[in-house]
Amino acid sequence: VVHRGVAYFVEVPDDPTLPPAGQIATVLAQVDARLALVGSDRTRLLQVLIYLPFPEDLPEFNRQWEAWVPAGHA
């Protein structure tokens, strides 16, 4: 949904059978695709809410997140 220039959407991994690293990479790629559909990109993120079911996946998520988010836009 886009309301007053702000896009709201939810992404879940297309393939939930992938290991956590693959699911994280998939979701981040899906977010890129969704942002492109609404004419936006990673530099214009207002809020991102991520649910990780297993705390032990946090280091991998953080690694991928830090590589994905452009410098100065975290």
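What follows is a walk from the overall chain to one helix, its partners and the segments around it.

Mentor: I will take α1, and start with its setting. The model is predicted, and the protein chain has 2 helices and 2 strands. Along the sequence these elements come in the order β-β-α-α. The C-alpha atoms occupy a box of roughly 35 × 25 × 15 Å along the principal axes. Of the 74 residues in the protein chain, 20% are buried. The accessible surface is about 5,600 Å², and carbon and sulfur atoms account for 60% of that area. If we take the contacts between residues at least 6 apart in sequence, 46% of them join residues at least 24 apart.

Now the helix itself. α1 has 18 residues, and from its first C-alpha to its last it reaches 26 Å, close to the 26 Å expected at 1.5 Å a residue. Its buried residues are Ile 24, Thr 26, Val 27, Leu 28, Gln 30, Val 31 and Leu 35. In reading such a list, recall that an α-helix has 3.6 residues a turn, so residues three or four places apart point the same way. Part of the cover over the buried residues of α1 is supplied by α2.

The largest nonpolar core has 9 residues, namely Ile 24, Val 27, Leu 28, Val 31, Leu 35, Phe 61, Trp 65, Trp 68 and Val 69. Two elements, α1 and α2, each give two or more residues to this core. The largest share, 5 residues, comes from α1. As a general background, nonpolar side chains in soluble globular proteins tend to be buried together. Thr 26 and Gln 30 are among the buried residues of α1.

Leaving out residues up to four places away in sequence, Leu 28 touches Gln 64, Trp 65 and Trp 68.

Next, what comes after the helix. Just after α1, Gly 39 has a positive phi of about 75°. Further on is the loop between α1 (20-37) and α2 (58-68), which holds Leu 52. Leu 52 counts as partly exposed because its relative accessibility is 30%. Together with Val 48, Ile 50 and Leu 58, Leu 52 forms a nonpolar patch on the surface, and the accessible area of the four is about 280 Å².

The segment after α2 contains Pro 70. With a relative accessible area of 24%, Pro 70 is partly exposed. Its contacts, apart from neighbours within four places in sequence, are with Arg 42 and Thr 43.

Arg 4 sits in the loop between β1 (2-3) and β2 (6-7). Its phi is near 50°, a positive value in a residue other than glycine. Arg 4 counts as exposed because its relative accessibility is 78%.

Definitions and conventions: Residues are numbered from 1 along each chain as its sequence is written. This is a predicted model: local features need pLDDT of at least 70, side-chain atom pairs count only at pLDDT 80 or more; totals for chains, interfaces and linings use all residues. Side-chain values use heavy atoms; hydrogens and water are left out. Patches are made of residues with over 30% relative accessible area and no salt bridge: like charges are joined within 9 Å, nonpolar side chains (Val, Leu, Ile, Met, Phe, Trp, Tyr) within 5 Å. Accessible areas come from the Shrake-Rupley method with a 1.4 Å probe; for residues, only the protein chains shown count as cover. A salt bridge is a side-chain nitrogen of Lys or Arg within 4 Å of a carboxyl oxygen of Asp or Glu. Helices (H or I, at least four residues) and strands (E, at least two) are DSSP runs, numbered from the N terminus. Buried means under 20% relative accessible area, exposed over 50%, partly exposed in between (1.4 Å probe, protein chains only). A nonpolar core is a set of buried Ala, Val, Leu, Ile, Met, Phe, Trp, Tyr and Cys residues joined through side-chain atoms within 4.5 Å. Contact means heavy atoms within 4.5 Å. The expected span of a helix is 1.5 Å times one less than its number of residues.
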